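Please look at the sequence and the structure first.

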Amino acid sequence: PPTDKESNYPMAMEAGLGLLSIPKNQIFRMKAEKDINVMADEYDSLIEKNLGPDLFDLVMLGMGDDGHTASLFPGTKALDVKNKAATANYIREKDSWRITLTLDCINNSKNICFYVMGEQKKEMLKRILFPKTEADHLPAYLVGSEDTKALWIVDQMAASELKMN
């Protein structure tokens with residue numbers, strides 16, 4: 001529910017979404033407080049009904065210290081979901097279920113933007129942007145495509161390990 005400390009909804013609303021002149025009936029919270037699989041399917045249908053095959057004009061993402069984005073965590077089943085916009089995903093590390101947009105949905109949107117802030121993200125940001133092996137292909141690395149590049153906006157602390165030429 002939006003009252004849970006793990007919910008991104010209050011943070012998104014307070015960070016600016018709630019201040020924009022977007023009609024409230026055009027903001028669709030992921031409802032995860034009941035049967036998670038049913039709610040994920042309902043959200044997937046809601047996206048399809050309202051957006052059709054064009055999906056989102058803009059997807060704004062963050063990146064966790066572990067390389068997760070949205071609720072796509074390393075090693076979780078949602079990373080392999082195809083032909084759906086949203087799905088339920090069990091996060092073992094948090095012992096909780098989440099609803100997340102899928103990589104298909106994110107990567108087929110028109111614009112993708114990451115916001116990465118803070119010194120605690122510097123090692124993971126370097127690992128994502130400059131992977132050394134296939135094992136380094138973490139969820140945030142998998143975002144973006146040949147057709148839709150992901151734009152990365154990072155602060156100086158997060159970028160402090162990146163070599164700038």
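A residue is called buried under 20% relative accessible area, exposed over 50%, and partly exposed in between, computed with a 1.4 Å probe on protein chains only. The model is predicted, so local features need pLDDT of at least 70 and side-chain atom pairs count only at pLDDT 80 or more, while totals for chains, interfaces and linings use all residues. Residues are numbered from 1 along each chain as its sequence is written, and side-chain values use heavy atoms, with hydrogens and water left out.

**Salt bridges**

Side chains of opposite charge can pair when their charged atoms come close. A salt bridge here is a side-chain nitrogen of Lys or Arg within 4 Å of a carboxyl oxygen of Asp or Glu. The structure has nine salt bridges by this rule. The table gives some of them.

| Salt bridge | N to O distance |
|---|---|
| Glu 6 and Lys 94 | 3.6 Å |
| Arg 98 and Glu 6 | 2.7 Å |
| Glu 146 and Lys 149 | 3.6 Å |

Helices (H or I, at least four residues) and strands (E, at least two) are DSSP runs, numbered from the N terminus. In these terms, the bridge between Glu 6 and Lys 94 links distant parts of the chain, 88 residues apart. Glu 6 is in the segment before helix H1 (9-14), and Lys 94 is in the loop between strand E2 (86-91) and strand E3 (96-101). Arg 98 lies in strand E3, so its pair with Glu 6 ties together parts that are 92 residues apart in sequence.

Are these residues buried or exposed by the cut-offs above? Arg 98 is buried, with a relative accessible area of 13%. Glu 6 is partly exposed at 35% relative accessibility, and Lys 94 is partly exposed with a relative accessible area of 38%. In the Glu 146 and Lys 149 pair, both residues are exposed.

**Strands**

Strands of a sheet pair through backbone hydrogen bonds, either parallel or antiparallel. Two strands count as paired if DSSP finds at least two bridges between them.

Strands E2 and E3 pair in the antiparallel sense over six bridges. One of the bridge partners is Thr 100 in E3, which faces Thr 87 in this pairing. The two strands form a hairpin with four residues between them, and Asp 95 in the turn has a positive phi of about 50°.

Three strands form an open sheet in the order E1-E4-E5, with parallel pairing. Strand E1 (59-61) and strand E5 (150-154) stand at the edges with a single partner strand each, so one side of each has no neighbour in the sheet. Neighbouring strands of this sheet are turned by 20° against each other on average, direction ignored; the axes are lines fitted to C-alpha atoms (for helices over the stretch in contact), and angles run from 0 to 180 degrees between N-to-C directions. Strand E4 (residues 112-116) is joined to E5 by five bridges. Phe 114 has Trp 152 in E5 as its bridge partner.

Cys 105 is in no disulfide, and the nearest cysteine sulfur, that of Cys 113, is 16 Å away. Cys 113 is likewise in no disulfide. Cys 105 is buried, with a relative accessible area of 1%, and Cys 113 is buried at 5% relative accessibility.

Note on methods. A disulfide is a pair of cysteine sulfur atoms within 2.5 Å.
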